[in-house]
Amino acid sequence: MNLVDRDKKVIWHPYTQQHKMPDPVPIVRGEGVYLIDEQGHRYIDAISSWWVTIHGHANAYIARKIYEQALLLEQVIFAGFTHEPAVRLAERLLGILPPELGRIFYSDNGSTATEVAIKMALQYWWNSSRIEETNTSQNQSRTKILALKNSYHGDTFGAMSVSARGVFTLAFQDKLFEVELIDPPTDDYELPNLQWNEFACIIYEPLLQGAGGMNMYSKSGLDQLLQKCKSEKIICIADEVMTGFGRTGKLFASEHCVSQPDVICLSKGLTGGTMALGVTACADWIYQAFVSDDKLKTLFHGHSFTANPIACTAALASLDLLESEQTMSAVNRISQQHEEFVSNLRQSSAKNIRQLGTVVAFELDGDANQYLHNSSGSITSLALRHGVYLRPLGNTIYLMPPYCISDEQLLQVYNVVHKLISVELV
Ligand SMILES: *Cc1c(COP(=O)(O)O)cnc(C)c1O
């Protein structure tokens, strides 16, 4: 039996309707921007394998560091123990994150990074209002959460609860806790009418909402919203799981704004897309609300693989590459190439064409993102036949290439996209 037939007997794939599922592509090797299948076909990974692979596949530098660390220390419990890769990574991240942030909490993916952020924010208010020894809290503990319509923060229950309600959450609707979902800010933004001082926190994907359809929104509007939240002491949580590490043209998307978040969630590109790791970075004043003789003020959260040494080492190696001049100039080069591509796209039938840094998105037809639109599968298979891997979000096509993509490879991707636009899809 070949790999595909064996797969079909035992595997349940993520975000995949298994019924009449097209054969999965059997990948045996990665090399830079390329994914290489059993037959030796090479595909340009134009979406960085679900937005994680920032330096390309099978990067030799990161691989070597992973190997060396695996021989030295592969895992250790992170309660009561520490190790060099975790401490070094925290030091380096705090060196490049907004200066307001002073502590790093590790977990192991993007959903857990946002879960931790929400728990930190809620417990900050609980801790701050607690009357010690009584196990009760005064009623000024804030418990409400603000989030943006159209947002996506992960697939665990807390992360789903703070995400937009839609096809991903429909089956779990009545098990999700309540949040106040407000419109993403616009250039002529007017703050919504809310009882602001009831809110514990706001969680948002800065400027670019990924899984919700690559929706881009206003910088000035976001700044206005954040300033209001800060003035009301609402903890601002930037979910940079996707936008972090250069995606939007800056190291972090929050850098586009004047107001800086109190908490930042990171994952995806953190390890260059090689290992699962999550980070929740928070301001020192949040951390201080948990430092107490009162044991109930502890953040009771952790995962078996919290701060896994190999994953932290992979992240350090990825940062080495990211901080080299070459990588950030590649980010600029891709952003500029995209700009030219976007102006060409405007001559086509593509709708709502938008770009931020290394991300370009547009709708093929229809006015807005429709995740269950049936063109998605045909676009993927058509693009694969032309040597490019794309995975539209329904009718929304987007590009998010690894930074090591060359001008020629990028042109090949653009050409395939132009072909897709001109073809009648079923
Ligand atoms: C992907 C994503 C997540 C969830 O990360 P996982 O590692 O897939 O759990 C959370 N927030 C944003 C903005 C994401 O893009």
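**Ligand surroundings and domain interface in a predicted model**

A nitrogen atom of the ligand is placed 2.7 Å from an N or O atom in the side chain of Asp-239, a separation that falls under the polar-contact rule (a pair of N or O atoms within 3.5 Å; within protein, one must be able to donate a hydrogen and the other to accept it, and residues adjacent in sequence count only if both atoms are side-chain atoms). The model is a predicted one, in which local features need pLDDT of at least 70 and side-chain atom pairs count only at pLDDT 80 or more, whereas totals for chains, interfaces and linings use all residues. Residues are numbered from 1 along each chain as its sequence is written, and side-chain values use heavy atoms, with hydrogens and water left out.

The domain assignment, which is automatic or taken from a database, gives domain 1 (3-59 + 324-421) and domain 2 (73-322), and the C-alpha centres of the two lie 27 Å apart. In this arrangement 32 residues of domain 1 are in contact (heavy atoms within 4.5 Å) with 30 residues of domain 2. The area buried between the domains, defined as the accessible area (1.4 Å probe) that two parts lose on being put together, summed over both, is about 2500 Å², of which carbon and sulfur atoms give 65%. Tyr-15, Trp-51 and Leu-356 supply 27% of the area that domain 1 buries against domain 2, more than any other three residues.

Across this interface 14 residue pairs are found in polar contact, both residues being at pLDDT 80 or more, while the count of salt bridges (a side-chain nitrogen of Lys or Arg within 4 Å of a carboxyl oxygen of Asp or Glu) between the two domains is zero.

The structure as a whole holds 14 salt bridges. In one of them, the side chains of Arg-42 and Glu-31 meet at 3.0 Å, N to O. Arg-42 belongs to strand β3 (residues 42-45) and Glu-31 to strand β1 (residues 27-31), so the pair ties together parts that are 11 residues apart in sequence; strands here are DSSP runs (E, at least two residues), numbered from the N terminus.

How values were computed:
Helices (H or I, at least four residues) and strands (E, at least two) are DSSP runs, numbered from the N terminus.
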